[in-house]
Amino acid sequence: MLSNERMARLRAIGLTTTLARSALPLLTAHPQAELTRVVEVQREHVALHDGEAEQAARLLPALRHGLEAAADAVAVGDWVLAERNRFGERWVGARVPPANQLARRIHDGRDKVERMVIVANVDTALLVMGLDHDFNPRRLERFLALARMAGVAPLVVLTKADLCRDVQARLAAVRGLLPAGTEAIALNALGPEPRELLAPWLGTGQTLVLLGSSGAGKSTLTNALAGDEVQATGASRAGDSRGRHTTTARSLHRTAGGACIIDTPGLRTLRLDGDAAALGQAFDDVASAALRCRFRDCRHQGEPGCAVSEAVAPDRLRNFHKLQREAERDTMSALERKAQVAQWKARSRATRVRMSAKRG
């Protein structure tokens with residue numbers, strides 16, 4: 001069992017009461033194992049933190065294969081049980097069920113859709129977007145949906161405020177997209193400003209993840225919050241502000257105030273992990289307005305009496321429909337996707353026949 005001293009050390013790196021309670025049965029079953037947190041995942045090993053220091057370990061094949069069979073994986077932020085074998089090697093044999101996960105889907109371009117876990121056990125998702133060429137409200141809506149579908153509180157952080165002439169106008173545009181209770185902050189990621197403005201979210205034991213595209217300033221922000229050069233940074237391209245993937249792996253770092261920050265590689269494409277129903281909960285303004293539509297099966301695509309079309313901005317509604325189509329397609333089986341493609345082709349052929357007939 002965990003002593004009070006041990007619990008205090010683990011709480012300082014993000015262990016919550018709920019997670020500690022979930023870990024107790026595993027600790028009872030594995031009395032020689034040690035409860036640790038995953039702070040980095042590499043191909044062959046993971047880095048674990050026990051509240052005092054980091055140590056390298058490997059995953060037992062049974063654990064890895066069991067998670068893979070469930071479209072799951074050990075991720076940065078997870079809590080795991082590790083113990084040494086008779087050769088002194090440290091192995092991870094069990095994972096504490098995560099309180100939450102941020103995951104995305106990857107399509108191989110053919111028929112296979114895979115689920116990739118980004119991070120686990122997060123309190124706040126810092127959605128980082130630059131106020132330069134990186135500024136894209138439609139992409140931000142994807143990241144907002146990602147966080148809300150996972151049950152993680154989002155906080156929008158607009159970086160490079162020192163390079164933008166209309167900060168307040170862009171900040172107001174972003175705030176117009178946000179659900180009630182969600183905040184947006186504009187700042188210069190260099191210097192003391194990030195620690196001052198983000199102080200309310202940096203309490204001891206809090207875990208934050210930085211999400212955004214390459215070049216948004218996530219690693220610069222991580223260094224500012226950690227108070228040290230813990231992540232490599234690089235300049236964005238002058239023409240379009242695109243980053244160069246200076247961060248290649250997810251990693252957890254601690255701030256002077258006691259919070260845990262997880263930096264992640266830039267995500268240039270983001271397919272959400274969830275079905276159409278979960279997406280509807282993330283777009284609660286659409287769901288709320290839909291209750292006032294004239295028809296129960298209204299698809300909010302120009303039907304008479306559609307309350308959603310009147311209440312939601314056209315760009316946001318188009319983005320919602322796009323995400324909904326992606327979610328529906330990603331949850332189809334390979335046969336269902338082939339049938340859908342065949343249906344589209346049949347409709348296209350029928351349209352060409354009609355057009356040819358009209359032209360005589």
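This section describes the fold, the nonpolar cores, selected secondary-structure elements and the cysteines of a predicted model.

The protein chain contains 12 helices and 14 strands. Of its 360 residues, 46% are buried. Among the contacts in the chain with a separation of 6 or more, 65% link residues 24 or more positions apart. The chain exposes about 18,500 Å², and carbon and sulfur atoms supply 51% of that area.

The largest nonpolar core has 66 residues, of which Leu35, Leu102, Val156, Val174 and Leu211 touch the most other members. Helix H4, spanning residues 137-149, gives the most to this core, with six residues. Apart from this core lies another, of 17 residues, which includes Val157, Ile185, Leu202 and Ala216. In soluble globular proteins, nonpolar side chains tend to be buried together. When residues up to four places away in sequence are not counted, leucine 211 touches Leu102, Ile118, Ala125, Leu126, Leu127, Val128, Phe143, Leu146, Lys218 and Thr264.

Helix H5, residues 167-175, has Val167, Leu171 and Val174 among its residues, and these three are buried. They lie on the same side of H5, because the arc they cover around the axis is only 60 degrees. An α-helix has 3.6 residues a turn, so residues three or four places apart point the same way. The exposed residues Gln168 and Ala169 are carried on the face of H5 turned away from its buried side. The packing partners of the buried H5 residues are strand E8 (124-130), H4, strand E9 (153-159) and strand E10 (184-186).

Leucine 10 counts as buried because its relative accessibility is 0%, against a cut-off of under 20%. With neighbours within four places in sequence left aside, leucine 10 is in contact with Leu2, Leu15, Leu35, Asp50 and Trp79. One of these, Leu35, also belongs to the largest nonpolar core. Leucine 10 and threonine 36 are separated by 26 residues in sequence, and their C-alpha atoms are 7.8 Å apart in space.

Strand E1, residues 34-41, pairs with two other strands, E4 and E2. With E4 (residues 79-84) the pairing is antiparallel and runs over four bridges; within it, glutamate 34 has alanine 82 as its bridge partner. With E2 (residues 46-49) the pairing is likewise antiparallel, over four bridges, and arginine 37 stands opposite histidine 49. A hairpin of four residues joins E1 to E2.

A search of the whole structure for disulfides finds zero. A disulfide is a covalent bond between the sulfur atoms of two cysteines, and the criterion applied here is a sulfur pair within 2.5 Å. For cysteine 293, the closest cysteine sulfur is that of cysteine 298, at 4.0 Å, which is too far for a bond. For cysteine 306, the closest cysteine sulfur is again in cysteine 298, at 3.7 Å, and this distance is also too far. Both residues are buried: cysteine 293 has a relative accessibility of 11%, and cysteine 306 has a relative accessible area of 4%.

Notes
Residues are numbered from 1 along each chain as its sequence is written. This is a predicted model: local features need pLDDT of at least 70, side-chain atom pairs count only at pLDDT 80 or more; totals for chains, interfaces and linings use all residues. Side-chain values use heavy atoms; hydrogens and water are left out. Buried means under 20% relative accessible area, exposed over 50%, partly exposed in between (1.4 Å probe, protein chains only). Contact means heavy atoms within 4.5 Å. Accessible areas come from the Shrake-Rupley method with a 1.4 Å probe; for residues, only the protein chains shown count as cover. A nonpolar core is a set of buried Ala, Val, Leu, Ile, Met, Phe, Trp, Tyr and Cys residues joined through side-chain atoms within 4.5 Å. The arc is that of the directions from the helix axis to the C-beta atoms. Two strands pair if DSSP finds at least two bridges between them.
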